[in-house]
Amino acid sequence: FDVALTRLEQSLTLAIPTEEPEIYYYISLIYYRTGLKTKALKILATYPPDPDEYFYIDYSLLCGSLYAYTKNYKSAIDVLAPIQEKRLDKKDKQSLYLIRGISFFNIEKKQKAVENLRKTIDIDPNSLAGKNAAYILKEL
């Protein structure tokens, strides 16, 4: 990860401004995967991409996950709102609904939490996200 991080940081010196959010996204992804989640979120929040960028869905899901991790549940819901209407693959839909379900649960909107957790399970009850959603639903 160190070499990749160094190369990405070096590429910022050559990047044009429209490329910077993508580079920062990958830098934050490295921080996320190495456990530096708060640092990853700070970078993501500082350099949001244009909604038309190809990595916008991944950016939004990572941001939502990090906001939920830092207990900023309202921001998690807000950052995920723009991608709800986008065409998502099965895994991304599950991530979206799971993060939303957890976030709604933690801001005491139980009905919305249940709806989102059930959607997660409906997509694939045997996936990790589906199993996590089922576990949370049992606790409600």
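**Notes on the predicted model**

1. Let's start with a salt bridge: the side chains of Lys74 and Asp78 meet at 3.0 Å, N to O. Both residues belong to helix α5, which covers residues 73–80, and they sit four residues apart, about one turn of the helix. Asp78 is partly exposed, with 41% relative accessibility. Keep in mind throughout that this is a predicted model.

2. How many salt bridges does the count come to? The count is two. The other pair to look at is Asp124 with Lys90, whose side chains meet at 3.7 Å, N to O. Asp124 is in the loop between α7 (110–123) and α8 (128–139), while Lys90 is in helix α6 (residues 90–106), so this bridge ties together parts that are 34 residues apart in sequence. Lys90 comes out as partly exposed at 48% relative accessibility.

3. Now the rings. The count of aromatic pairs comes to five. One of them is Tyr25 with Tyr26, an edge-to-face pair with 5.0 Å centre to centre and 70° between the planes.

4. Phe55 is buried, with a relative accessible area of 1%.

5. Glu22 is found in helix α2, and, leaving aside its neighbours within four places in sequence, it is in contact with Tyr54 and Phe55. Glu22 counts as partly exposed, at 25% relative accessibility. For a sense of distance, Glu22 and Ile83 are 61 residues apart in sequence and 17 Å apart in space, C-alpha to C-alpha.

6. Another ring to inspect is that of Tyr69. The charged end of Lys37 sits over this ring, 4.5 Å from its centre.

7. On to helix α3. Which residues of α3 are buried? They are Ala40, Leu41, Ile43 and Leu44. Seen down the axis of α3, these buried residues fall within an arc of 165°, so they line one face of the helix. The face turned away from the buried side carries the exposed residues Thr38 and Lys42. As for what covers the buried residues of α3, the cover includes α2 and α4.

8. Ser28 has its place in helix α2. Is Ser28 buried or exposed? Ser28 counts as buried, at 0% relative accessibility. Setting aside neighbours within four places in sequence, Ser28 is in contact with Ala40, Ile43, Leu44 and Leu62. Three names in that contact list, Ala40, Ile43 and Leu44, are also among the buried residues of α3.

9. Two backbone angles deserve a second look. Most residues other than glycine have a negative phi. Lys71, though, has a phi near 65°, a positive value in a residue other than glycine. Lys71 lies in the loop between α4 and α5 and is exposed, with a relative accessible area of 62%.

10. Glu108 is the other one to check: its phi is positive, about 65°, although it is not a glycine. Where is Glu108 found? Glu108 is in the loop between α6 and α7, and at 73% relative accessibility it counts as exposed.

Definitions and conventions: Residues numbered from 1 in each chain as written. Predicted model: local features only at pLDDT ≥ 70, side-chain atom pairs only at ≥ 80, totals over all residues. Heavy atoms only, no water. Phe/Tyr/Trp six-rings, centres within 6.5 Å; stacked < 30°, edge-to-face > 60°. Buried < 20%, exposed > 50% of the residue type's maximum accessible area, 1.4 Å probe, protein only. Lys NZ or Arg CZ within 6 Å of the ring centre and 35° of its normal. Helix = DSSP H or I, 4+ residues; strand = E, 2+ residues; numbered from the N terminus. Contact = heavy atoms within 4.5 Å. Salt bridge = Lys/Arg side-chain N within 4 Å of Asp/Glu carboxyl O. Arc of directions from axis to C-beta.
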